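Here is a briefing on one protein model. Look over the sequence and the fold first, then read on.

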Amino acid sequence: MRGRVHGNIQKDGTFSVIPEMPGGVCTPDELMRIATVAVKYNVPLVKLTGGQRIDLVGIPKDDLPRVWTELDMPAGSAWGKSYRTCKSCIGDAFCRFGLGDSMGLVHKLEKRYRGIDSPGKMKLSEALVKDVGAVAIGDGRWEIYVGGAAGAHIRKGDLLTVVDSEEAVVALAGRFMQYYRENAKWKERTYNFVPRIGLEKIRAIVVDDAEGLAAALDANMQASVDGAYDPWKEAIAPKTANQFATLIPVSMES
């Protein structure tokens, strides 16, 4: 159900709507549109999520297309097994102690990988306790961590490597995610996948290309990126006539 209508179903049968906000950033106009939609559709709960986004909870199924259209924001991919979100501090753009452009990097990561399917959900951050984390250490350098968790399971991510540019973070994060996508068990999160495979083996494959897989991993990820689309566009062109109908009329004619 939730995959077909692109939102998390709640216990009363309504859905939550979470638009994309890379690193928790949105424009004032987007913020006003969210508030306007919440008022217009009498949304019973507006909540800030742990992923630095705004969740409109309690949207009836048949209201989803109108809500998405009036929000006019990309889907936040907050359902199913996929890339979910990337959190960020404000970085060196505003922070007195910032060592890198965290918000800029998050924007690049989220725009590239949003909605990519995977064996388990993937969450990214500038912290050490997410599936993939990137931490600025100054002079344009970034540490990349993998296999972290800070929810029901707690695990500090392992240091995969240190790189010298945002572009390298984006490339290696994508290569790791693709290796995970191709080799993890269904529903296996990275915090189980990394210790099962072993950090040294993952580093050898993803960073050092010791097995000659890097080009194929990059190409396969690019194919997925090229094939991704914003599912909320189905508000305008639904896949089926009754995709968002709460009740489907049944003919009594024999």
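Which residues in H4 meet which residues in H5? Gly104, Leu105, Lys108, Leu109, Arg112 and Tyr113 in H4 meet Glu166, Glu167, Val169, Val170, Ala173, Gly174 and Met177 in H5. Contact here means heavy atoms within 4.5 Å.

This is a predicted model: local features need pLDDT of at least 70, side-chain atom pairs count only at pLDDT 80 or more, and totals for chains, interfaces and linings use all residues. Residues are numbered from 1 along each chain as its sequence is written, and side-chain values use heavy atoms, with hydrogens and water left out.

**Helix H4 against helix H5**

- H4 covers residues 102–113 and H5 covers residues 166–183. Helices (H or I, at least four residues) and strands (E, at least two) are DSSP runs, numbered from the N terminus.
- The two axes come within 10 Å and cross at roughly 35°. Axes are lines fitted to C-alpha atoms, for helices over the stretch in contact, and angles run from 0 to 180 degrees between N-to-C directions.
- The crossing of H4 and H5 is right-handed. That term applies if the near helix is turned clockwise from the far one by less than a right angle; anticlockwise is left-handed.
- By class, the contact of H4 with H5 has seven nonpolar, two polar and four charged residues. Ala, Val, Leu, Ile, Met, Phe, Trp, Tyr, Cys and Pro count as nonpolar, Asp, Glu, Lys and Arg as charged, and the others, Gly among them, as polar.

**Helix H5 against helix H8**

- H5 also packs with H8 (residues 214–227): their axes come within 9 Å and cross at roughly 85°. H5 is therefore roughly perpendicular to H8, a term for angles of 65 to 115 degrees.
- On the H5 side, the contact includes Gly174, Arg175 and Met177. Among the H8 residues they face as a group are Ala214, Leu217 and Met221.
- This contact of H5 with H8 divides into five nonpolar, four polar and four charged residues.

**The five-stranded sheet**

- Five strands form an open, mixed sheet in the order E5-E6-E7-E8-E11. Two strands pair if DSSP finds at least two bridges between them.
- The edges are E5 (83–86) and E11 (158–163), each pairing on one side only.
- From one strand to the next, the twist averages 20°.
- E7 (residues 132–138) and E8 (residues 141–146) run antiparallel, joined by six bridges. Alanine 136 stands opposite tryptophan 142 in E8.
- H4 packs on this sheet, touching E5, E6 (122–125), E7 and E8. The direction of H4 makes about 165° with that of E5.
- H7 (residues 199–206) also packs on the sheet, touching E8 and E11. The direction of H7 makes about 25° with that of E11.

**The E3–E4 hairpin**

- E3 (residues 45–48) and E4 (residues 54–59) pair in the antiparallel sense over four bridges. Leucine 45 has valine 57 in E4 as its bridge partner.
- Five residues lie between the strands of this hairpin, where glutamine 52 takes a positive phi near 65°.

**Two loop residues**

- Serine 77 is found in the loop between H3 (64–71) and E5. Serine 77 is buried, with a relative accessible area of 7%; buried means under 20% (1.4 Å probe, protein chains only).
- Leaving aside neighbours within four places in sequence, serine 77 is in contact with Arg53, Ser82, Tyr83, Arg84, Arg114 and Gly115.
- Lysine 185 is found in the loop between H5 and H6 (190–197). Not counting residues up to four places away in sequence, lysine 185 touches Pro119 and Arg196.

Definitions and conventions: Angles under 35 degrees count as roughly parallel, over 145 as roughly antiparallel, 65 to 115 as roughly perpendicular and the rest as oblique. Buried means under 20% relative accessible area, exposed over 50%, partly exposed in between (1.4 Å probe, protein chains only).
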